[in-house]
Amino acid sequence: MRDHRGVSREELQQSALVAVAVLLVLGVVAAWSVLIPGVSAWENVIAAVIGSLRLTGPVAAAFAAWVAVRRRRGARRRPRSAWQAMRAPLAVAVVVAASFTATVLVMAVRTVLTEQAGGLLPSGLMMGIAGLTLYVTLGWVIGWLLPWTITPVFAGLGCYGLFTWLARGQTWTDRLAPATREPYDVFRGLSATAFTDQSLWLLGVSTALLLGWAALVTRQALALAGALLAVLAAGTGMARLLSEPATISAQRVVYSCQEWPITVCVHPGMRTGLPELGSAFVKIASRLAGTPGEFSRLEQRPRSDDAALPSGALPIHVDDLSTGFADVAADEFVERLARQCDGSPAAGYRDIVIAWLRGKPLPGGPLPEHQYAAAWFSGLTEAQRREWLRLNYADFAACRLRGEHFGGQAVQAAQPFQPTQPVQSPVQSVQAGEAVRPQPTRPVQDGQDGEVTRLAAPDQTSRVRRAGHSGRATGRRHRIGHANGLSHREGSAPRDADGDRRLARPSRHD
């Protein structure tokens, strides 16, 4: 059966069911892609279903334009009243709203099954329906004014381009589009007042366009008067939106914390990530123990928050709970411990310490001294590395590390690393099995001519012969001296970094 406009009612009903199914599938897929992974919060669901309008809105506009083209072609007479003219576009708006409601229910089923933070915002749902109504109204007016076969495609693409441009335009234009302000921050949340003002603006514009079209079609002054009132309502909503501050103050958050193995506190909507965060930061905490970077508590904070933290607490940034989020947060945390070195040689030494804190293989570095430092640092025990970091933390944080911090010298940096024994003082002896704390090399004065003799790194275990005492050269050095035509004293004389012989007398072992 066909009505007086030449459109089959069964055809319209089938088209409506198809539109609901298509919009439901698109809405769920689009909303799922907008969801912040791992965040269990009602506001996350509201932001997702509103974000789905970027796909479902243009499709709704194309569907409304298709119905308007069919109605315009089959219309035989002018509608008698504004109500008769508006029944068809309002029916399309109801169909689209039903698909939006189905999308919200599908998303809510998953949300209800798990414990969620925050509460449902009815104003957010109302804003979503108001945004879809605007899409439908634009599509209907375009389809009626341009009754061409290709018009639905133009209507959908045009609406998509218009609202995408508004959402990505100036700081005030994004408030006029049926979308949330992005990126969504779980700490700042969503504003119910902003949603209400945005709904007033969107419904006002939709009503003004629809009544203006009805006045054009029916030639009734009453419809035109209603359109003018709707313009006032839309202007009120726009004024309230533009007068609202662009940023929303951070909400008070009651943290969800895990006390063991270290105290880690996050937003309640991200509490499922606490075990993984604790595992990622426990080794970092143990390696920073006893240093100025030591911490006993980690708190998740927004990136724009510079508020002071309690003593012993440090901030971490977790944007979502996608795969590998804990490693990303740990890497960012360790990188903030020391400032960047801007490609200087100190950057290679900084990378060695950073890699150790993260539990990664020590990098060799681009320079020979970096390779020597990595080999020297890898030869230390964990306890020695922690003690080394405690002594040199200020230089590490300020990017002032040099080869001397890693037991190296300019001549040693170009040679392969050979582990040696720690130095023993001629007065003090090191007990068997006692750990020797590594320290940078230091010069000592030769006993005879005052020339500076550099000792090896303190982790060498060969005894130091005290200057000023006589002793015998080893057999190997004695043979080398005679082979080169040198006397016994000349062949066994030590050499400095430039290869010159020192004039100091050889020392003997105690």
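**Strands and aromatic pairs in a predicted model**

A hairpin of four residues connects strand β1 to strand β2. The model is predicted. Aromatic rings are the other topic here: the whole structure holds 14 aromatic pairs.

**Strands**

- Strand β1 (residues 256–258) and β2 run antiparallel and are joined by three bridges.
- Within this pairing, C257 stands opposite C265 of β2.
- On its other pairing, β2 meets strand β3 (residues 297–300) in the parallel sense, again over three bridges.
- C265 has E299 as its bridge partner in β3.
- Between β2 and β3 the chain passes through helix α9 (residues 274–288), and this β-α-β crossover is left-handed.
- In β2 (residues 263–266), the side chains of T263 and C265 point one way, those of V264 and V266 point the other way, and all are buried.

**A tilted aromatic pair**

- Y135 and F163 form a tilted pair, with 4.7 Å centre to centre and 55 degrees between the planes.
- This pair links distant parts of the chain, 28 residues apart: Y135 lies in helix α5 (residues 122–145) and F163 in helix α6 (residues 151–167).
- Both Y135 and F163 are buried.

**A stacked aromatic pair**

- The ring planes of Y349 and F406 are at 20 degrees and their centres 5.2 Å apart, so this pair is stacked.
- Y349 counts as buried because its relative accessibility is 6%, and F406 counts as buried at 0%.
- Y349 and F406 belong to one aromatic cluster with W356, W376, F377 and W388.

Conventions. Residues are numbered from 1 along each chain as its sequence is written. This is a predicted model: local features need pLDDT of at least 70, side-chain atom pairs count only at pLDDT 80 or more; totals for chains, interfaces and linings use all residues. Side-chain values use heavy atoms; hydrogens and water are left out. Rings of Phe, Tyr and Trp (its six-membered ring) pair if their centres lie within 6.5 Å; planes under 30 degrees apart count as stacked, over 60 as edge-to-face and the rest as tilted. Helices (H or I, at least four residues) and strands (E, at least two) are DSSP runs, numbered from the N terminus. Buried means under 20% relative accessible area, exposed over 50%, partly exposed in between (1.4 Å probe, protein chains only). Two strands pair if DSSP finds at least two bridges between them. A crossover is right-handed if, with the strands pointing away from the viewer, the path from the first strand over the helix to the second runs clockwise.
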